[in-house]
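Let's take a walk through this model together, one element at a time. Have your viewer ready, and follow along as the pieces are named.

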Amino acid sequence: MAPAQMATVVADFLADLTRTGKSSNTVRAYRSDLSDFAQFYPGPIQEITADLLRRYLRGLGDKAPATRARREAALGSVLAWAYRAEMITADPMTRLDRTHLSIPPPRPVPTGQIQAVLQVIPKTKDRDRLLFGLLYTTGIRVGEALAIEVDDLDLSIDDEHVTVLGKGGRRRTVLLDDSTLVALLRRYLKTRGYRHGPLFRAEKNYTGGPLRYASVHELWAKYCASAQVTDTIHQLRHTHATELVNAGVSLETIRRRLGHANAQTVLRYADQRDATADAEIRTWRRRRITERTNQ
């Protein structure tokens, strides 16, 4: 059997990701990171050694830690895949120490700022009003929202849900519990006449293809500029999670809603100083003072 060149391995790996249902954003990210390595080393995968990987990763020293960690993860994934497919007899990535990233603290923003952005979206832009409203009221990721198909919706009266494809190919069902959002969703589907296919579609050139990730960020930046705020789109997710914590929702429920695999990730929201925690302490303190006074 002829040695498998790196470019061919990458192409086969990406095709397998698509076949197994990975999102287009995930496949695109792997393609970008692995193409960079394939330019560094275009040879047969059987000759990749731990030393060769170290040389490549040393060349990323000027990159941000998150970029280095992502490149390492991409290499780890394709080499583990090649090992399972018996293309290589050992996985050289297992001999390397990985870049470890600390989990950044959440960055929620005041609800008023988000409402200000949502209010500047013209009523004629029903797709954008629905998309950003959905991101805020459910906390789902942008990529998850863009992957929603009309068939993923369950609009049973008073029990509306959407099934989303999260990280790692894990599907979860998210409750659509905001009546305003549900009403907007129903009108959107009726107006557009969508019965199947992507829920959020591009309008440029009237192609009707799936809305692109980059386009969503451009739209959000435009609406933020109009509202004179500087919030990032990912802060919608942080804000939703923090609001749930403040409302006393259990961390396990929040973990399931946001699609986090690790409960430790959700704990960062609980570490934030919030009005609910302060109110509980004040109530407890007043009760103690009252008890002492009545003794």
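**A sheet, a helix and a contact**

Three strands make up an open sheet in the order β1-β2-β3, with antiparallel pairing. The edge strands are β1 and β3, each of which pairs on one side only. Strands here are DSSP runs (E, at least two residues), as helices are (H or I, at least four residues), and both are numbered from the N terminus. Two strands count as paired if DSSP finds at least two bridges between them. This is a predicted model, in which local features need pLDDT of at least 70 and side-chain atom pairs count only at pLDDT 80 or more, while totals for chains, interfaces and linings use all residues. Residues are numbered from 1 along each chain as its sequence is written, and side-chain values use heavy atoms, with hydrogens and water left out.

Let's start with strand β1 (residues 153–154), which pairs with β2 in the antiparallel sense over two bridges. Leu-153 has Val-162 in β2 as its bridge partner. The two strands form a hairpin with six residues between them, and Asp-158 in that turn has a positive phi of about 65°.

On to the next pairing: β2 and strand β3 (residues 171–175) run antiparallel over five bridges. Thr-163 has its bridge partner, Thr-173, in β3, and Val-164 stands opposite Arg-172 of β3. Here too there is a hairpin, with five residues between β2 and β3, and Gly-168 in the turn shows a positive phi of about 75°.

How much of strand β2 is buried? Four of the five residues of β2 (residues 161–165) are buried, so the strand is mostly covered. Buried means under 20% relative accessible area, exposed means over 50%, and partly exposed lies in between (1.4 Å probe, protein chains only).

Now turn to helix α6 (residues 126–138). Its 13 residues reach 18 Å from the first C-alpha to the last, close to the 18 Å expected at 1.5 Å a residue; the expected span is 1.5 Å times one less than the number of residues. Why is α6 described as largely enclosed by the rest of the structure? Because twelve of its 13 residues are buried, among them Asp-126, Leu-130, Phe-132 and Tyr-136. Just after α6, Gly-139 adopts a positive phi of about 75°.

Finally, find Arg-187 in helix α8 (residues 179–192). Arg-187 is exposed, with a relative accessible area of 52%. From Arg-187 to Asp-126 is 61 residues in sequence and 8.8 Å in space, C-alpha to C-alpha.
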